[in-house]
Amino acid sequence: QVQLEESGGGLVQPGGSLRVSCEASGRTFSNPRVGWFRQAVGKEREFVAAISWNSGTTYYADSVKGRFTISRDNVKNTAYLQMNNLKPEDTAVYYCATPSRTPTGWRSDYWGQGTQVTVSS
């Protein structure tokens with residue numbers, strides 16, 4: 001089992017920045033990546049970003065490339081998602097996860113409780 005605890009999120013104006021964190025515990029060695037998905041009201045959950053615990057290789061959805069940066073601190077077992085130049089369409093519940101590749105995209109075996117990010121003036 002892997003436990004994922006998120007922190008951060010909140011309300012920010014368009015163009016602003018926000019950071020969310022995710023602390024992983026449990027059998028983290030059984031999952032090579034950590035990252036985030038998000039789900040807006042009325043939409044399906046979608047992949048946002050992921051990072052490899054060992055190599056630091058990063059992966060991003062096209063919609064956030066150049067604006068979001070994912071990083072990790074292996075000592076603290078914590079990952080961070082720095083979100084810059086936020087847009088109203090980034091409004092969603094952000095879920096920390098253990099992303100793995102599929103033939104059509106990404107999936108996750110474990111999920112955090114989710115944290116709300118709202119971008120609005």
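Colleague: With which residue does the side chain of Lys65 meet in a salt bridge?

Modeller: This model is predicted: local features need pLDDT of at least 70, side-chain atom pairs count only at pLDDT 80 or more, and totals for chains, interfaces and linings use all residues. Residues are numbered from 1 along each chain as its sequence is written, and side-chain values use heavy atoms, leaving out hydrogens and water. A salt bridge requires a side-chain nitrogen of Lys or Arg within 4 Å of a carboxyl oxygen of Asp or Glu. At 3.2 Å, N to O, the partner of Lys65 is Asp62.

Colleague: Is Asp62 buried or exposed?

Modeller: Buried means under 20% relative accessible area, exposed over 50%, and partly exposed in between (1.4 Å probe, protein chains only). With a relative accessibility of 67%, Asp62 counts as exposed.

Colleague: How many residues apart in sequence are the parts that Arg38 and Asp90 tie together?

Modeller: The side chains of Arg38 and Asp90 form a salt bridge of 2.9 Å, N to O. Arg38 belongs to strand β4 and Asp90 to the loop between β8 (78–83) and β9, so the parts tied together are apart in sequence by 52 residues.

Colleague: Which strand pairs with β4 over six bridges?

Modeller: Strands are DSSP runs (E, at least two residues), numbered from the N terminus, and two strands pair if DSSP finds at least two bridges between them. Strand β4 (residues 33–39) has six of its seven residues buried, so the rest of the structure largely encloses it. With strand β9 (residues 92–101), β4 pairs in the antiparallel sense over five bridges. The antiparallel partner over six bridges, covering residues 46–52, is β5.

Conventions. Helices (H or I, at least four residues) and strands (E, at least two) are DSSP runs, numbered from the N terminus.
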